[in-house]
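This report walks a new reader through the elements of one model, sheet by sheet and helix by helix. Please keep the sequence and the structure in view while reading.

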Amino acid sequence: MIASPGDVTAEREIITEELYRWNNANAVLRELILQPVKWETHSSPQMGAHPQTILNERLLLDADIVVGIFGTRIGTATPDFISGSVEEIKKHVAAGKLAMLYFSHVPVDPNSIDQKQWAALQAFKEECKTGGLYAEYASHEQLRTDFGHHLTIELNRPKYLWLAKPDATVEPRDPELSDDERRLLVAVASDRNGQVLTMNDMSGFSVIANGENFVEDSPRSAATWKRVLKRLAGLGYLDQVSEEIYELTKEGFARADKEIAVSPLELALSFAGTPDKQMLVVDANKPITLKQLDFLMSSGAHITSTDLGEQIGAKATIPLDPKKVGELFNSPRPDRNHYDHAGPAALRLVFLSRGRRNEVLLPIVLQPKFVSNTQWIQLIGSKTFTLD
């Protein structure tokens, strides 16, 4: 990640060019690629948090190295640090990662220097003297030469030689499954008993797993699902323990886990309960970690939030705080009705899936309702999301 205030644009481009130059010369042999990460190329518009917090989560968290460059400015202050660049550097160092700092001595017009910024920068530079080693440069060419040299030294250290040669042994591939075979296998893995129940009665043939009957009311469908059962049993994924019951084997659970892991995340949001005790119902096809629920105007303006406390699971019900709903309802929404203030708004659910941050936006309608002579605000809306 390249961290700097806005007065060193040329230097940022030099660092980027040197990273690409290193890739051209070394990437194939070293099996290692350096990706220059910058706010201007790797960030996108997002509301709901301080800009620096968003950049930290999206850019800084995954960075292996931070290159900090300073000219005559320290940068714009954040809530907790003297500048965003200083925050990025200090948090990166606190995480035990490498930060390479460069301070400019390139001549500039004295009249262009902001004295407060200059004084703050000098104080930070003085602080750095006791916290490590930094470099200075008197020209852009010196920065290019010195950084290229420093980068080569750093990347020759053993900790950057983490990639082993690929194993020439070819792992056997899992057998291909049809959509029906995959669907039944995942359903059995989700069944509390891990079983498939089959029945032949007056109504016809049935294949039931996790509360769902897969056979439609036709001989063709019955034949299809009999074939599915026979194939899954033949592959060792199902074990027929009686005439009517199949159980998922250890190999079957392992294959189902693989299918679930690579399948897209499907997430459905809806509301349940009475207007005075409303809940947001979350129903996903795989476990997620719920982080935060944001209450937004239809324009996307953030009004308030609820911390969801790291709830983990595929299904959840989130009680909606009437005070926060009221705060959203009473906000100056330009598209609300004049007679009862009903109108559109949105909820944003923030969650983690496989360790990565995701969010979905649910459009809703705020509708006043009376329960026992008390006005409550009912939230109306539902949507199913598919995420890669």
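## Terms and basis

Two strands pair if DSSP finds at least two bridges between them. Helices (H or I, at least four residues) and strands (E, at least two) are DSSP runs, and they are numbered from the N terminus.

The model is predicted, so that local features need pLDDT of at least 70 and side-chain atom pairs count only at pLDDT 80 or more, while totals for chains, interfaces and linings use all residues. Residues are numbered from 1 along each chain as its sequence is written, and side-chain values use heavy atoms, with hydrogens and water left out.

## The parallel sheet

An open sheet of 4 strands has the order β1-β2-β3-β4, with parallel pairing. Its edge strands are β1 and β4, each of which pairs on one side only. Within this sheet, β2 and β3 run parallel and are joined by 6 bridges, and the bridge partner of I69 in β3 is Y102.

Helix α4 spans residues 84-94, and its buried residues (buried means under 20% relative accessible area, exposed over 50%, partly exposed in between, with a 1.4 Å probe and protein chains only) are G84, S85, V86, E87, E88, I89 and H92. Among the elements that cover them by contact, meaning heavy atoms within 4.5 Å, are β1 (2-3), α3 (51-60), β2 (65-70), β3 (98-104) and α5 (115-128). Just after α4, G96 takes a positive phi of about 80 degrees.

Helix α5 has 14 residues and reaches 20 Å from its first C-alpha to its last, close to the 20 Å expected at 1.5 Å a residue, where the expected span is 1.5 Å times one less than the number of residues. Its buried residues are Q117, A120, L121, F124, K125 and C128. They cover an arc of only 140 degrees around the axis, which puts them on the same side of α5; the arc is that of the directions from the helix axis to the C-beta atoms. These buried residues pack against β2, α4, β3 and β4 (135-137), whereas the face turned away from the buried side carries the exposed residues Q115 and K116.

## The antiparallel sheet and its helices

Another open sheet has 5 strands in the order β7-β6-β5-β9-β8, and here the pairing is antiparallel. Because β7 (212-213) and β8 (238-240) stand at the edges with a single partner strand each, one side of each is left without a neighbour in the sheet. Strand β5 (residues 195-201) is joined by 5 bridges to β6 (residues 204-209), the two running antiparallel, and N200 stands opposite F205 in β6.

Helix α8 (residues 219-234) packs on this sheet, touching β5, β6, β8 and β9, and its direction makes about 45 degrees with that of β6. Helix α7 (residues 179-190) lies across β5, β6, β7, β8 and β9 (245-248), running at about 55 degrees to β6. For these angles, axes are lines fitted to C-alpha atoms, for helices over the stretch in contact, and angles run from 0 to 180 degrees between N-to-C directions.

Strand β10 runs antiparallel to β16 (residues 383-387), joined to it by 5 bridges, and F385 in β16 is the bridge partner of L267. Another 6 bridges join β10 to β11 (residues 279-297), again antiparallel, with L267 opposite A284 in β11. The hairpin of β10 and β11 has 6 residues between the strands, and in it G273 takes a positive phi near 95 degrees.

## A hairpin and two positive phi values

Strands β14 (residues 356-371) and β15 (residues 374-380) run antiparallel and are joined by 7 bridges, with P368 opposite I377 in β15. They form a hairpin with 2 residues between them.

Most residues other than glycine have a negative phi. S372, in the loop between β14 and β15, has a positive phi of about 55 degrees although it is not a glycine, and at 67% relative accessibility S372 counts as exposed. E310, which lies in strand β12 (residues 302-319), has a positive phi near 60 degrees, and at 42% relative accessibility E310 counts as partly exposed.
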